[in-house]
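Subject: Structure handover

Hello,

Here is the structure for you to pick up. My notes on it follow below.

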Amino acid sequence: MCGIIGYVGPREAAPIILGGLRRLEYRGYDSAGIAVLRDDGIHIQRAVGKLSNLEARIESAMGNPASAVQTGIGHTRWATHGAPSERNAHPHVSADGSVAVVHNGIVENFAELRRELQAEGAAFRSDTDTEVIVHLVARYLRAGRTLEQAAHAAIGQLRGSQAIVLMSAREPGALIAARIGNAGGVSVGLGDADGEMFVASDIPGILEHTRRILFLDSHEVAVVRPGQVEIRRLNGDAVTRTVQVIAWDPVSAEKGEYRHFMQKEIHEQARAITDTLRGRVDFQTGEVMLESLTVSPETARRLERLYTVACGTSAHSGLIGKFLIESVARLSVEVDYGSEFRYRDPLIGPRCAALGITQSGETADTLAAMQEARRKGATVWSIVNAIGSQAQRTSDGHILMRAGPEIGVASTKAFTTSVVDQYLLACYLGRLRAGDSARQPANAKDLAFLPNLVSQVLEPNPLYDELANRFHHREHFLYLGRGINYPVALEGALKLKEISYIHAEGYPAGEMKHGPIALIDEQMPVVCIAVQDAVYDKMISQIEQVKARAGVVIAVATEGDTAIADKADYVLWVPDAPALLTPVLTAIPLQRLAYHLAIRRGCDVDQPRNLAKSVTVE
């Protein structure tokens, strides 16, 4: 949820940057900073806490910015590498003071780059992964490259999804903005007068100043100067981009470059997952920190069972969480629909915990189930997206999804972030219970790579349009999965029902022979989640049985799997990933498939008929 603002033009930069950061405060942050370019070099101020702390620091330390301050960048940060502190806040500046950078995302290979730079004599002054970027750019500037050349060379060495904005005292009046993957958006705003230009991670931050916006795609770098912007791909190829005019109304502004909120929210998942991880994982030690959960080791060890209560998409997330928590924390988990839990007199008591999962935090059935668990003496936790919601307020401890506002009725990014939150919970409880502490570093390493893997799944793919054109008239779909991906089959079917009004059923693949196989013929598309995991051979067997009955198979499979490419009619690829994290990846193609089918059928994807975003009555 980090915010980025950049400005170059004739006005004082600091007030514009601070104003933009204020308009992005809703995304949340733990520290903030600003860098401005004066005649005598780059000046930075950073502060922990709210923007008011930064503003006070600027007023006392920098005084009233001089009119010469016409270039600057600002940032609000959620911590990933390094605790919230002034030294870890952005912007970061090179040792010679020539370069400043702000950054969203995770540099997956930062440890390797840091060792390389330290061997060359670079002195690091923070614990962040971001600082390697500024040292890399400074290295190439010292070698005689231009700012653009140095930025391309440095960014080309980074692994993972990134949004980066930097400036240099060596080339005043220029900003470099880059987007790699989908962990953070980058927008360039064209001012209406005097050649002023803006850069932002989210367009509400600059909408006060301009409606004319250019959006960077992945692997693109923009050089922004007064009155002009040049965009190139990382390989050096020039890019021509059409300026989009954003309406002033908040709804259109929030959609930005996307046609629908659901489409936007699908594509925000890499960033939402990055935000979910911020400040919660030490990627070097593997420790997971969930301060708002407030669980003692004694409480964790005393637990005999966890009951997850949820509805709809959140219930499917809870089913995935059952696999995660039982595997990592070795704690038995039961998953109940909130609407059923309190009516069956559940056997829950003081040696149990209840986990309510709800995007809105106001879902009536889930809240009632949590209340029933509390009445029976259980510890009550929640995973919520809406800050200050009833579920959060009434829990003994909570984990925020940090997905950001989810406007589309059909949940997408709240699903994947809640799965990641349960993975964090599994690691956290596992360490407290001392049942699987040796695996903590490996688990944390897996999480560091996850946003970039999600970015790969979100790359453009014409196959979705092809599938929508062929199957939009079908009235029935079958979704099959096994193991940890069985709940993903349930969720994929639900998404299709919700927004396209096509009847769909999700089944454990092993149950196909116990009834659903009677439905399979040439008119029945069968979506099979068949990644290369422990039950891969079983899924291949199910696919062969579908094909033997003339069924059409749409497979979600691991990249490079030549065997499944020969068996399925269509394949939606996902990158190879640790088995426990595959549901985060396999869910996204099913979201995209449902979206494209709904669009082809002319449905209202953001507000499907008969559905509400938050079910606040029983």
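At what angle do the axes of helix α3 and helix α4 cross? Roughly 45°. Helix α3 covers residues 110–119 and helix α4 covers residues 131–142, and their axes come within 10 Å. Angles under 35 degrees would count as roughly parallel, and 65 to 115 as roughly perpendicular. α3 and α4 are therefore oblique to each other. Before going on: this is a predicted model.

The crossing of α3 over α4 is left-handed. On the α3 side, the contact uses Phe 110, Leu 113, Arg 114, Glu 116 and Leu 117. On the α4 side, it uses Val 132, His 135, Leu 136 and Arg 139. By class, the residues of the contact of α3 with α4 are five nonpolar, one polar and three charged.

α4 also packs against helix α5 (residues 147–155). Here the angle is about 130° and the axes are 8 Å apart. That makes α4 oblique to α5. The crossing of α4 and α5 is right-handed. From α4 come Leu 136, Val 137, Tyr 140 and Leu 141. They meet Leu 147, Ala 150, Ala 151, Ala 153 and Ala 154 in α5. The contact of α4 with α5 has nine nonpolar residues, with no polar and no charged ones. Note Leu 136: it is listed in the contact of α4 with α3 and in the contact of α4 with α5.

**Sheet β17-β16-β18-β19-β20**

This is an open sheet of five strands, in that order, with parallel pairing. Its edge strands are β17 (332–337) and β20 (397–400), each pairing on one side only. Neighbouring strands are turned by 20° against each other on average, direction ignored.

At one end, strand β19 (residues 379–384) pairs with β20 in the parallel sense, over four bridges. Trp 381 has Gly 397 in β20 as its bridge partner.

Two helices lie across this sheet. Helix α10 (residues 313–328) lies across β16 (305–310), β17 and β18 (352–358). It runs at about 175° to β17. Helix α14 (residues 413–433) lies across β18, β19 and β20, at about 140° to β19.

Asp 345 has a positive phi of about 50°, although it is not a glycine. Most residues other than glycine have a negative phi.

**Sheet β22-β21-β23-β24-β25**

This is also an open sheet of five strands with parallel pairing. The edge strands are β22 (503–508) and β25 (570–574), and each pairs on one side only. The twist averages 20° from one strand to the next.

Strand β21 (residues 476–481) and β22 pair in the parallel sense over six bridges. The bridge partner of Leu 480 is Tyr 507 in β22. Helix α17 packs on the sheet, where it touches β21, β22 and β23 (525–530). Its direction makes about 175° with that of β22. Helix α18 (residues 536–548) lies across β21, β23 and β24 (552–558) and runs at about 165° to β23.

**Helices α17 and α20**

Helix α17 (residues 486–500) also packs with helix α20 (residues 582–600). The angle is about 20° and the axes are 9 Å apart. That makes α17 roughly parallel to α20. The crossing is right-handed. α17 contributes Val 488, Gly 492, Lys 495, Leu 496, Ile 499 and Ser 500. Among the α20 residues in the contact are Pro 583, Leu 590 and Tyr 595. The residues of the contact of α17 with α20 divide into 10 nonpolar, three polar and one charged.

**Other points**

The structure holds five aromatic pairs. One of them is Tyr 7 with Phe 198, a tilted pair: 5.3 Å centre to centre, 50° between the planes. This pair links distant parts of the chain, 191 residues apart. Tyr 7 is in strand β1 (residues 3–8) and Phe 198 is in strand β10 (residues 197–200).

Last, a cis peptide bond. It runs from His 90 to Pro 91, with omega near 0°. Pro 91 lies in the loop between β4 (71–77) and β5 (92–93).

Best regards

Definitions and conventions:
Residues are numbered from 1 along each chain as its sequence is written. This is a predicted model: local features need pLDDT of at least 70, side-chain atom pairs count only at pLDDT 80 or more; totals for chains, interfaces and linings use all residues. Side-chain values use heavy atoms; hydrogens and water are left out. Two strands pair if DSSP finds at least two bridges between them. Axes are lines fitted to C-alpha atoms, for helices over the stretch in contact, and angles run from 0 to 180 degrees between N-to-C directions. Contact means heavy atoms within 4.5 Å. Angles under 35 degrees count as roughly parallel, over 145 as roughly antiparallel, 65 to 115 as roughly perpendicular and the rest as oblique. A crossing is left-handed if the near helix is turned anticlockwise from the far one by less than a right angle, and right-handed if clockwise. Ala, Val, Leu, Ile, Met, Phe, Trp, Tyr, Cys and Pro count as nonpolar, Asp, Glu, Lys and Arg as charged, and the others, Gly among them, as polar. Rings of Phe, Tyr and Trp (its six-membered ring) pair if their centres lie within 6.5 Å; planes under 30 degrees apart count as stacked, over 60 as edge-to-face and the rest as tilted.
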